[in-house]
Amino acid sequence: MGKITKKTLNKVLWRTQTTQFSHNYERMQSLSLTYDFAPVLKELYGDRPKEERVHAMQRHLEYFNTHPIAIPFILGITAALEESTDEDHKDSVVAIKTGLMGPFAGLGDSMLNLTWFPIAGSIGASMCVANGSIIGPIVMFLMINLLYWPLKYYGLHLGYEKGVSLLGAEGGIGGLQIFDRLANFANVLGVVVVGGLIPTTVKVATGITIASGEGSIALQEQLDKVLPCLLPVILVLICYLFIKKSNGKNTAWVILGVLVACIALSWVGILA
Amino acid sequence: MGILVQSLLLALWAGLCALDQFGPHLGFRKPLLASVGVGIILGDMTTAIIIGATLELMWLGVNNIGAYVPPDVISGTVVGASIAIMSGANIETAIATAVAVAVPTAMLVQQINMLIMTTNISLVHAADNVALSGDFDKITPLHYLGGLFFFLSRAVPVFIACYLGANTIDAILAAIPAEILTGFNVASKAIPAVGLAMLLTMMMKKNMWMFLILGFVLSAYMGLPTLAVALIGAVVAGLYDLIMTRPAGAAVSNTTGTDEEGEYDL
């Protein structure tokens, strides 16, 4: 078997830009992944008997689901494995490939979806929510893509070049520790950012005034003396408890509930 | 441009944003970037971006985690911002209108998305059959067919909503009491709480409450911008990693006194 060319790998990179087009509830990304990986299979199996080509497609059509940005890296490693194993040991290719999807799904969700996207979105939005400046969307676009494209490009090529050796260093007990540590790192970073976003993105204020002697006291001013952003903190806590109680299944209803409550409370003058 | 052409272009844009969500992940599945296309098509970039930023903050925590399908913020943003701009209302009313339209639209298209995720199962079964031919290229059309379905799942509702909504929104806005529109405005600033709470339900593990307080204090009392909070967060995360990976015998004390935010010790 010949070495897989850089050109073929770049074809895979472009194909991964359509990953999840054929997303579905039964086998999630499997069909997409088989399509992404087809250039490598073609190069390796171009002159092989039909039976082997059928098996190659069948083993990649099995269930697969991970974070989309991790897919180029996983396919890079899979390409190296496909190249170096003979037809009797293809089980190990699938085993390693599916073994990678869990850790990378967790890592991608915690570092990218839960940390980087909210950071990029809140920084971009805070630059333009008042004046509609185009700078906001541009900054958000750059923050996302200056991180994502290197992850995709170097993920695929490094995954292929280092292949199993990378796995040898990271796949064992040491590798699991790396995943745990990165996930913990992202977790702490994410929680700090969310803590910082509560005062800047959640705006709840009361319009109640209390008559006292000759003048009147605005309740909000008194609340601010107790704790800045007291009402936003309480609102986040209430939402947290509701979502926690249902394991995140009723978020749409919590949004609707907050919407209705805000309309009702602002109508009677409690919120302003 | 007539409303028909505009609605078609908006539908095309929503479909392309959906393909970004299921494809390259350039970020156009998020309200702030999706709103830019609406601004170009309708020729009002400023209003579109203000609405996009408001919805971005509102839906900050709405994210695809694992197999969970969230409300579709793409169609919510495109329809909400478009109808708000087409109504020609002032900016406060436009934001309120956008929120009022965006929330139900996103929930409706969420249901359509789950339907497509189910019907796409037939594609992978067709691929099983095609695989028996041994021809690697034969699965390509099946793959792109899935993309077409996701495109249509956003484009069709957005077209219908924009085309019908543009003609009726003035009458609807005139019928809604001003108090309710003010309420939507208040709500758009409060709803980010749901998104942040959603992020927290997935993040609040052991010891995490102290980092939440740290972020809160940096922002609420010290007024640091988000990027500065994130950078300090990275430093603290690095230190936490060093402490947690220290060899055994160096146990870390994490019991501190309570303070005004003790309620977050969940």
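The entries below go from the interface to the pocket and the cavities.

**Ground rules.** I am working with a predicted model, where local features need pLDDT of at least 70, side-chain atom pairs count only at pLDDT 80 or more, and totals for chains, interfaces and linings use all residues. Residues are numbered from 1 along each chain as its sequence is written, chains are lettered from A and ligands numbered from 1 in the order in which they are written, and side-chain values use heavy atoms, with hydrogens and water left out.

**Entry 1: the interface.** Between chain A and chain B it is about 9600 Å², and carbon and sulfur atoms give 76% of that. On the chain A side, A:Phe21, A:Tyr25 and A:Tyr240 lose the most area to chain B, together 8% of what that side buries.

**Entry 2: salt bridges.** The rule asks for a side-chain nitrogen of Lys or Arg within 4 Å of a carboxyl oxygen of Asp or Glu. How many salt bridges cross the interface of chain A and chain B? I noted 3. A:Lys42 pairs with B:Asp137 in a salt bridge, with the closest N and O atoms 2.7 Å apart.

Entry 3: I took helices as DSSP runs (H or I, at least four residues), numbered from the N terminus.

**Entry 4: the largest pocket.** On a 1 Å grid over the protein atoms alone, a pocket is an open set of points with protein on both sides within 12 Å along at least five of seven lines; a cavity is a set where a 1.4 Å probe fits but cannot get out; lining residues have an atom within 4 Å of a point. Volume is the space filled by probe spheres set on the points, which are joined across faces, edges and corners. The largest pocket holds about 620 Å³. Its lining has 25 residues, and A:Phe104, A:Leu107, A:Met111, A:Leu151 and A:Leu182 lie nearest the centre. H6(A) gives the most to this lining, 9 residues.

**Entry 5: cavities.** I found 2 cavities of 30 Å³ or more in the whole structure.

Definitions and conventions:
Buried area = accessible area lost by both parts, 1.4 Å probe. Helix = DSSP H or I, 4+ residues; strand = E, 2+ residues; numbered from the N terminus.
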